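Please read it alongside the sequence and the model.

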Amino acid sequence: MTTVKEIVQTFKLHPSYVSNGAASLSKRWGCSIEDIKEAKLLLKYEKIKKQSNEISQKNRKVLVKRLFIDIETSPNIGFFWKSGYEINVSPESIIKERSTICVCWKWQHEDIVHHMTWDKNQSDENIIKKVASLLKEADETIAHNGDFFDIKWLRTRALYHRIPFPYRIRTLDTLRKSRSTFSFNSNKLDYIGKFLGVGSKIDNGGFSLWRDIILNNCTDSMNKMVEYCMGDVLLLESIYREMHSYIHKNTSFAVLNNKAKWRCVECVSDNVKERHSSATVMGVIKRHMLCNDCGCQYDISNKTFEQFLKRKL
Ligand SMILES: [Zn+2]
């Protein structure tokens with residue numbers, strides 16, 4: 001009898017087997033189709049974890065609680081008389097409210113991409129409880145379109161379940177930064193990932209995946225959804241890593257680590273220098289700083305700059 005662990009090992013030794021169908025492999029190796037599918041899934045998770053590990057190595061210097069997060073949602077289900085363009089569907093047509101299918105998250109200082117799916121009754125109550133505690137714990141939360149979609153969605157679901165949810169959340173929205181700072185052909189995560197050569201979204205097979213999860217509670221489809229969502233979280237972190245030294249930061253990790261305000265706001269290094277200064281018409285001087293270690297650019301006040309000049313060398 002071949003165990004799932006042994007199947008995973010065989011896949012690792014002979015990667016060409018992975019593309020073979022579960023049915024033919026189960027016949028050849030005398031094990032169940034489910035075991036083959038589970039082994040294939042474990043292999044994918046291991047791959048994702050390995051990628052995630054590589055990303056995290058660079059971020060170990062300072063323990064900052066930066067959270068990368070993504071959610072997958074289900075649509076409303078309702079009655080409608082016909083399909084077509086510009087159809088008005090009133091809220092009275094809804095027979096089942098939309099919900100949160102799964103959430104995936106990764107701490108910058110950790111290697112693992114975590115996930116949680118809705119329960120067997122398709123309730124997202126536990127997901128919302130978990131996310132509320134994560135957002136409370138995080139010093140900064142990064143999501144693509146997080147400010148206008150994910151955070152508002154999650155807060156609305158929290159209100160529905162009467163789960164306490166943080167009012168103020170320190171965020172960095174990579175979609176907002178993309179729109180305000182760059183001129184990409186598209187601001188979609190997939191396009192930016194490909195443009196920067198750091199990866200792309202995993203193909204999810206389209207709406208049939210949602211249908212299989214919502215209407216059939218299909219485990220395989222749910223696993224695929226989780227894998228898709230995990231991939232998005234890793235892509236999000238990779239994109240942030242590439243663009244971080246080009247964007248205006250929202251949080252000073254120097255201050256959060258009780259270090260001087262002039263230190264690098266990203267990696268807290270003291271290996272920083274003044275690039276140039278500017279003055280407003282009101283006479284307020286700003287000093288533009290550059291971190292020699294991570295390339296981060298940030299502004300400090302003239303008063304803070306004086307402290308920088310007085311630092312012990
Ligand atoms: Zn730095």
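In what kind of crossing does α8 pass α9? The crossing of α8 past α9 is left-handed, a term used if the near helix is turned anticlockwise from the far one by less than a right angle, with right-handed for clockwise. This is a predicted model, in which local features need pLDDT of at least 70 and side-chain atom pairs count only at pLDDT 80 or more, while totals for chains, interfaces and linings use all residues. Residues are numbered from 1 along each chain as its sequence is written.

**Overall make-up**
- The chain has 11 helices and 10 strands, taken as DSSP runs (helices H or I of at least four residues, strands E of at least two) and numbered from the N terminus.
- Along the principal axes, the C-alpha atoms of the chain fill a box of roughly 75 × 55 × 40 Å.
- Of the 313 residues in the chain, 28% are buried, that is, 20 or more other C-beta atoms, placed from the backbone, lie within 10 Å of the residue's own.
- Among contacts (C-beta atoms, placed from the backbone, within 7 Å) between residues at least 6 apart in sequence, 63% join residues at least 24 apart.

**Domains**
- The domain assignment, which is automatic or from a database, gives domain 1 as 63–75 + 96–246 and domain 2 as 253–311.
- The C-alpha centres of domain 1 and domain 2 are 32 Å apart, and four residues of domain 1 are in contact with seven residues of domain 2.

**Helices α8 and α9**
- Helix α8 (residues 207–216) packs against helix α9 (residues 219–243) at an angle of about 125°, with the axes 8 Å apart; axes are lines fitted to C-alpha atoms, for helices over the stretch in contact, and angles run from 0 to 180 degrees between N-to-C directions.
- That angle makes α8 oblique to α9, because angles under 35 degrees count as roughly parallel, over 145 as roughly antiparallel, 65 to 115 as roughly perpendicular and the rest as oblique.
- From α8, Leu-209, Asp-212 and Ile-213 meet Ser-221, Met-222, Lys-224 and Met-225 of α9.

**Helices α4 and α5**
- The axes of helix α4 (residues 125–137) and helix α5 (residues 146–161) come within 10 Å and cross at roughly 120°, and the two helices are therefore oblique to each other.
- The crossing of α4 and α5 is left-handed.
- In this pair, Glu-125, Ile-128, Val-131 and Ala-132 of α4 meet Leu-154, Arg-157, Ala-158 and His-161 of α5.

Conventions:
Two residues are in contact if their C-beta atoms, placed from the backbone, lie within 7 Å. A residue is buried if 20 or more other C-beta atoms lie within 10 Å of its own, exposed if 12 or fewer, and partly exposed in between; C-beta atoms are placed from the backbone.
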